[in-house]
Amino acid sequence: MRLKCERPSNLNLTSEVQADVRSLRPDEKIREVMKTGGLFFGLALVSVLIPVFHFVLVPMFLLIAVIFGIKAGKRNERLTQDVRVTCLNCASEILLKPVSFEWPLEFRCPQCAEPHRLKPF
Ligand SMILES: [Zn+2]
């Protein structure tokens, strides 16, 4: 799939990237939600054991579990292989590991921290 890489701070600078992207199956989306939400739900359960702080930590982790679970549920695409992108700011190479995401795929350059985003043409 042909993708367009751009910097939100300068939309005139773009590059083209080739990547394998596929849609997540419903069972994979459920697994994403359970993995993300389940982590914070587990932290909420462990927080019950901490005296005094559990009054704050348990509701906080439950709220985070719901918010992050909803965000994970919106991811419906997945990179199937590593993707190499050239930074549009410092020209260093950025390696994107296979991840689940929603369009546009946003990431930062590890060298200069410039935000980038990938979207289909
Ligand atoms: Zn950079």
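Which residues make up the largest nonpolar core? Before I answer, a word on provenance. This is a predicted model, in which local features need pLDDT of at least 70 and side-chain atom pairs count only at pLDDT 80 or more, while totals for chains, interfaces and linings use all residues. Residues are numbered from 1 along each chain as its sequence is written.

The largest nonpolar core has seven residues in all: Leu3, Cys5, Leu79, Val83, Val85, Leu105 and Leu118. By nonpolar core I mean a set of buried Ala, Val, Leu, Ile, Met, Phe, Trp, Tyr and Cys residues joined through C-beta atoms within 7 Å. A residue is buried if 20 or more other C-beta atoms lie within 10 Å of its own, exposed if 12 or fewer, and partly exposed in between, with C-beta atoms placed from the backbone. Two or more residues of this core come from each of β1 and β5 (83–86). Strands are DSSP runs of E, at least two residues, and helices are runs of H or I, at least four, numbered from the N terminus.

Not counting residues up to four places away in sequence, Cys5 touches Thr14, Ser15, Val17, Val85, Leu88, His116 and Leu118; contact requires C-beta atoms, placed from the backbone, within 7 Å.

Arg7 lies in strand β1 (residues 2–7). Arg7 counts as partly exposed because it has 18 C-beta neighbours inside 10 Å. Leaving aside neighbours within four places in sequence, its contacts include Leu13, Glu114 and His116.

I turn to the sheet. Three strands form an open, antiparallel sheet in the order β3-β4-β7, where pairing requires that DSSP finds at least two bridges between two strands. The edge strands, β3 (21–23) and β7 (100–101), each pair on one side only. Three bridges join β3 to β4 (residues 77–79), and Val21 has Leu79 as its bridge partner in β4.

As for domains, an automatic or database domain assignment gives domain 1 (1–22 + 83–121) and domain 2 (25–74). Their centres, taken over C-alpha atoms, are separated by 29 Å.

Finally, the backbone. Where is the cis peptide bond with omega of about -10°? That bond joins Trp103 and Pro104, and Pro104 is placed in the loop between β7 and β8 (105–108). Val52, although not a glycine, has a positive phi of about 65°. Val52 sits in the loop between α1 (26–47) and α2 (54–74), and is exposed because 7 other C-beta atoms lie within 10 Å.

Conventions. Two residues are in contact if their C-beta atoms, placed from the backbone, lie within 7 Å.
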